[in-house]
Amino acid sequence: MKIPPVGHVTLSKAVAGRLSASLLEGTIKAGDQLPSERELIQQLEVSRATLREALKAMEENNLIEARAGVGWFACKLDAETIAAARELAGSYRSSGMKPVAPAGDPPDGPRRLPASPDKPIHIPNLKTDRLGTFEFISWWEKDKVRDAKVLVVGAGALGNEVMKNLSLMGVGHLFVIDFDTVEAANLSRSVLFRDGDSKRGKAEVVAARAKQLNPQLHVQYLHGNVTTQLGLGIIRRMDAVIGCMDNREARLAVNRFCYWMNKPWVDGAIQELLGLMRVFVPGRGACFECTLTESARRDLSMRYSCPLLARANILLGKVPTTPTIASIIGGMQAQEALKLIHNMPVEAGKVVHFNGLTNDMHTSAYVPREDCESHWVYGEVTELPARADQTTLAEMLRIARQDLGPEAVIELDQELILSLTCPQCNTREEVLRPLESVTFEAGHCPTCGTLRETEMTHEITGAESFLHRTLGSIGVPPLHILRARNASEFRFYELTGDLPEALHFRHFEGSAAAAAVPLRDRISIGEEIEPAEKPKSRIVLHEENLR
Ligand SMILES: [Zn+2]
Ligand SMILES: [Zn+2]
């Protein structure tokens with residue numbers, strides 16, 4: 001082993017060493033474009049002259065190459081260049097320079113579309129190819145954009161802008177969810193809504209119009225609530241999630257789901273002429289929950305003391321917005337999604353604030369919280385040929401107990417209301433519905449009007465009297481991933497039998513077009529579950545912060 005000499009190391013050598021270390025670690029891969037000079041200067045906190053000197057040293061060692069008018073690209077490493085990179089990296093370590101946030105994702109970061117290092121030269125026909133002009137963008141990879149799957153949560157003012165932009169850019173598979181319906185007041189800020197859309201589901205309308213804007217793409221909508229009705233298996237199959245929500249509870253739910261599934265998500269929020277945009281990447285910096293203030297946390301914990309009232313309050317307090325700020329923030333969100341699709345660097349855990357009154361824009365970083373409850377990622381998921389509307393609680397428990405032993409329980413993501421009891425009339429009504437689907441009004445006694453006491457659970461232990469019920473009947477959505485555990489480990493089971501219906505991207509397509517969309521991972525329904533064929537590896541989860 002070569003011991004680097006003691007003594008003075010120039011800053012440019014340290015910078016070359018830092019970048020060489022990234023090449024060796026694989027955070028910058030062969031064919032990857034390096035971040036722009038400006039970004040590198042910011043990240044490394046060095047001058048332009050120092051950076052240029054460092055890049056020149058790396059070029060001389062055949063570690064990177066310049067492409068005229070485009071930027072710097074990482075070369076393929078061989079024995080000789082690896083040795084050179086190691087030597088440079090040694091000077092970085094001996095300089096005592098602290099590592100900075102890597103330009104790309106860490107090797108254990110979220111799975112992305114594979115990099116295609118050499119962009120083939122292709123001259124588009126602008127008369128026939130609607131996406132042709134994008135090919136003049138140096139880093140644009142049309143196959144990645146066409147194959148990408150993006151989930152848009154919320155189809156209000158922001159969701160309209162995001163869906164419009166993603167369809168114009170040809171992002172090939174768009175899934176949109178919203179529980180709301182179109183009303184007249186939405187028409188002033190939602191580019192995809194029309195006069196006659198009143199009372200139609202927002203998600204459906206937005207998906208239909210996106211398909212009209214660009215018939216080449218594949219869309220799917222879900223008229224429902226993201227916190228209770230979206231199976232985790234849908235998020236599991238996405239490349240990016242864009243949040244266009246207007247309340248904290250929905251954001252918190254999306255944040256947790258994305259963390260569990262190890263997916264990046266882009267949040268946007270608007271009010272009058274103010275807006276913010278932020279990207280959260282599991283394991284990299286703060287998540288949405290980390291950003292909450294103490295009082296916000298207290299509000300959230302209130303739902304456990306009076307859950308039905310808390311639910312009722314969430315939907316109050318609509319904020320006024322303008323179509324202009326929706327364009328600005330929605331445009332930024334769509335751009336971030338495009339970067340994620342291309343595996344380009346994003347500023348995870350940071351927020352961009354835009355003030356339209358002063359045109360002031362600034363970025364700041366959130367501090368990740370050590371004790372944040374959202375920071376854990378699901379382990380290996382077992383795909384079962386099971387379906388939410390057919391599989392019973394007893395059957396699910398039996399499967400979990402084959403793997404985890406007789407003490408295994410199923411943890412529900414939503415609180416399940418078992419019963420409502422009136423203290424006045426002494427009457428008890430069995431409910432068996434998730435908390436989110438029981439309104440504040442329904443919580444009152446039909447006889448005397450008193451707010452009834454709720455009996456809730458979030459675990460299925462096997463002692464229940466309703467084990468014969470299906471998962472769907474107690475609110476588990478199709479294609480969901482259930483979480484089972486014993487005292488020491490978790491297991492994760494996907495209701496993969498729901499896949500063909502729950503995730504198809506074939507809304508508003510004719511039958512011929514529908515047949516042309518291949519469904520990956522299709523499995524037959526009602527197949528016998530063979531325990532021997534299931535993965536045997538045991539995953540022990542620790543609820544600890546990921547770095
Ligand atoms: Zn967090
Ligand atoms: Zn009563």
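Visitor: What makes the arrangement around the zinc ion (ligand 2) tetrahedral?
Guide: The angles do: the 4 donor atoms subtend 103 to 114°. Four donors count as tetrahedral if all angles lie between 85 and 135 degrees; for square planar (four donors) or octahedral (six), opposite donors must be over 155 degrees apart and all others between 65 and 115, and anything else is irregular.

Before we go on, a word on ground rules. This is a predicted model, where local features need pLDDT of at least 70 and side-chain atom pairs count only at pLDDT 80 or more, while totals for chains, interfaces and linings use all residues. Residues are numbered from 1 along each chain as its sequence is written, chains are lettered from A and ligands numbered from 1 in the order in which they are written, and side-chain values use heavy atoms, leaving out hydrogens and water.

Visitor: Which atoms are the protein donors of the zinc ion (ligand 2), and why do they qualify?
Guide: They're the SG atoms of C422, C425, C445 and C448, lying 2.2 to 2.3 Å from the zinc. Donors are N, O and S atoms within 2.8 Å of the metal (3.2 Å for Na, K and Ca), and with water not among the atoms, sites may look incomplete. Along the chain, their spacing reads C-x2-C-x19-C-x2-C.

Visitor: How do you know that C425 and C445 tie together separate parts of the chain?
Guide: C425 sits in the loop between β12 (409-422) and β13 (427-434), and C445 in the loop between β13 and β14 (453-460), so the pair joins parts 20 residues apart in sequence. Helices (H or I, at least four residues) and strands (E, at least two) are DSSP runs, numbered from the N terminus.

Visitor: What about the zinc ion (ligand 1), and what makes its site tetrahedral?
Guide: Its 4 donor atoms have angles of 97 to 124° among them, and the site is tetrahedral. The donors are C287 (SG), C290 (SG), C372 (SG) and H375 (NE2), at 2.0 to 2.3 Å. Their spacing is C-x2-C-x81-C-x2-H. C287 lies in the loop between β8 (274-280) and α11 (294-305), and C372 in the loop between β10 (360-365) and β11 (381-384), 85 residues apart. Both C287 and C372 are buried.

Visitor: Why is α1 described as largely enclosed?
Guide: Because 11 of its 15 residues are buried; among them are A14, V15, A16 and L19. The length checks out too: the expected span is 1.5 Å times one less than the number of residues, which gives 21 Å for residues 11-25, and the end C-alpha atoms are 21 Å apart. G26 follows the helix, with a positive phi near 90°.

Visitor: What makes α7 mostly covered?
Guide: In α7, 9 of 12 residues are buried. The cover includes α6 (157-168), β4 (173-178) and β5 (218-223).

Visitor: Why is L63 called buried?
Guide: Its relative accessible area is 0%, so it's buried. L63 lies in the loop between α3 (48-60) and β1 (64-67). Beyond four places in sequence, its contacts (heavy atoms within 4.5 Å) include L23, F73 and L88.

Visitor: What joins the side chains of R491 and D403?
Guide: A polar contact of 3.3 Å. That term means a pair of N or O atoms within 3.5 Å; within protein, one must be able to donate a hydrogen and the other to accept it, and residues adjacent in sequence count only if both atoms are side-chain atoms. R491 lies in strand β16 (residues 490-495) and is buried at 4%. The side chains of E37 and R52 also make a polar contact, at 2.9 Å.

Visitor: What is the mean pLDDT of the chain?
Guide: The mean is 85, with 82% of residues at 70 or more; pLDDT is the predictor's confidence in each residue, from 0 to 100. Over residues 95-117 it's below 50, and it stays under 50 over residues 512-547. Where pLDDT is low, the predicted coordinates should not be read in detail.

How values were computed. Buried means under 20% relative accessible area, exposed over 50%, partly exposed in between (1.4 Å probe, protein chains only).
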